[in-house]
Amino acid sequence: MRRDHTVGRLTVLTLVAAATAAVTALVTARRAARRPDGGNSTPDMARLRAEVREQNLRSRLQELDTAKTDFMSTVSHELRTPLTSISGYVELLLDGEAGELNDGQAKMLDVIVRNSRRLRDLIEEMLILSKIESGAFSALREPVDLVAFVERALAEIAPAAAKAEVGLRTEVRGPLPLHADPGQLDRVLMNLLSNAVKFTPGAGTVGLLARREDDEIVLRVTDTGMGIPAEEQKALFTRFFRASNAVRQAVPGTGLGLAIVGTVVDNHGGRIVVESVEGAGTTVTIRLPAA
Ligand SMILES: Nc1ncnc2c1ncn2[C@@H]1O[C@H](COP(=O)(O)OP(=O)(O)OP(=O)(O)O)[C@@H](O)[C@H]1O
Ligand SMILES: [Mg+2]
């Protein structure tokens, strides 16, 4: 167990060190290529050499990126198997298969169930992210209408919004034709809506707007929630990032949702902009090319 952990850490450290070295070399090669004389008395040859070096480094970086994605995917798979066994046995215990439980024992098992579920969700998100990053999903493109997706997502989030006493306001103007991966589109909508509801206290409002603007389909989710501190907003799409106010207020989350959303939007040739004021609210706008 301990050994596996160390091997995993070492692999990550090796990948990070190699990536850093490759990026540094890439920057140096670029600088040399940009200098008027290429840092050499025979300008064309020097520039050519620098360009070849840059090309090699670029493919090395790509290899490292693939290795990192493979690593994440393997670790996620390996974690899933023992977790399934833990959850299965806990359920047997809760069902009284090993004898009647007293209240204290049942409560402890409930905590195990809750945390197993959190761990399962985290592993699931890591697997999805590594698959999306490896390009495994990017080939899938179907003609879809965003309207149907929005309606489904709203129906799915409505109970959570009602429970949190957050009002839902929608403005959807179809048709909204896209060429997209349906599963990924569902994921984007659910991630944005669940964030908006999760980070908005009771009596707040979450809004969803979807419409066509020229050649683009615009999807905008707004909320009147806690917002994101200005200096932290640049890290929003980094894996496992959680804003300090969310952590302070113990709002649950793993920080993978927006990393997934960002990658999916990128894969679909779209753009995403987040505007947020701490204590006032957040607006996330996605623009995707219309079909
Ligand atoms: N609508 C929002 N209002 C306020 N803060 C937000 C909002 N959306 C995202 N954030 C901040 O950005 C962080 C990253 O969001 P992200 O969706 O990636 O992670 P998460 O919701 O914490 O976890 P996960 O989506 O993986 O369950 C959040 O933890 C929160 O701090
Ligand atoms: Mg989220």
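Tutor: What follows looks at the cavity, then at the core.

This is a predicted model, in which local features need pLDDT of at least 70 and side-chain atom pairs count only at pLDDT 80 or more, while totals for chains, interfaces and linings use all residues. Residues are numbered from 1 along each chain as its sequence is written, and side-chain values use heavy atoms, with hydrogens and water left out.

On a 1 Å grid over the protein atoms alone, a cavity is a set of points where a 1.4 Å probe fits but cannot get out, and lining residues have an atom within 4 Å of a point. The count comes to one cavity of 30 Å³ or more, and the largest cavity holds about 30 Å³ of space, a volume being the space filled by probe spheres set on the points. Its lining consists of Leu-146, Leu-185, Val-188, Leu-189, Leu-219 and Leu-288, which by class gives six nonpolar, no polar and no charged residues. Helix H5 (residues 182–198) contributes the most to this lining, with three residues; helices here are DSSP runs of H or I with at least four residues, and strands are E runs of at least two.

Leu-146 also belongs to the largest nonpolar core, where, of 46 residues, Leu-146 and Leu-208 touch the most other members. Such a core is a set of buried Ala, Val, Leu, Ile, Met, Phe, Trp, Tyr and Cys residues joined through side-chain atoms within 4.5 Å, buried meaning under 20% relative accessible area with a 1.4 Å probe and protein chains only. Helix H4 (146–163) gives the most to this core, with eight residues.

Note on methods:
Chains lettered and ligands numbered in written order. 1 Å grid on protein atoms, 1.4 Å probe; cavity = no way out; pocket = protein on both sides within 12 Å on 5 of 7 lines; lining within 4 Å. Nonpolar A, V, L, I, M, F, W, Y, C, P; charged D, E, K, R; others polar. Buried < 20%, exposed > 50% of the residue type's maximum accessible area, 1.4 Å probe, protein only.
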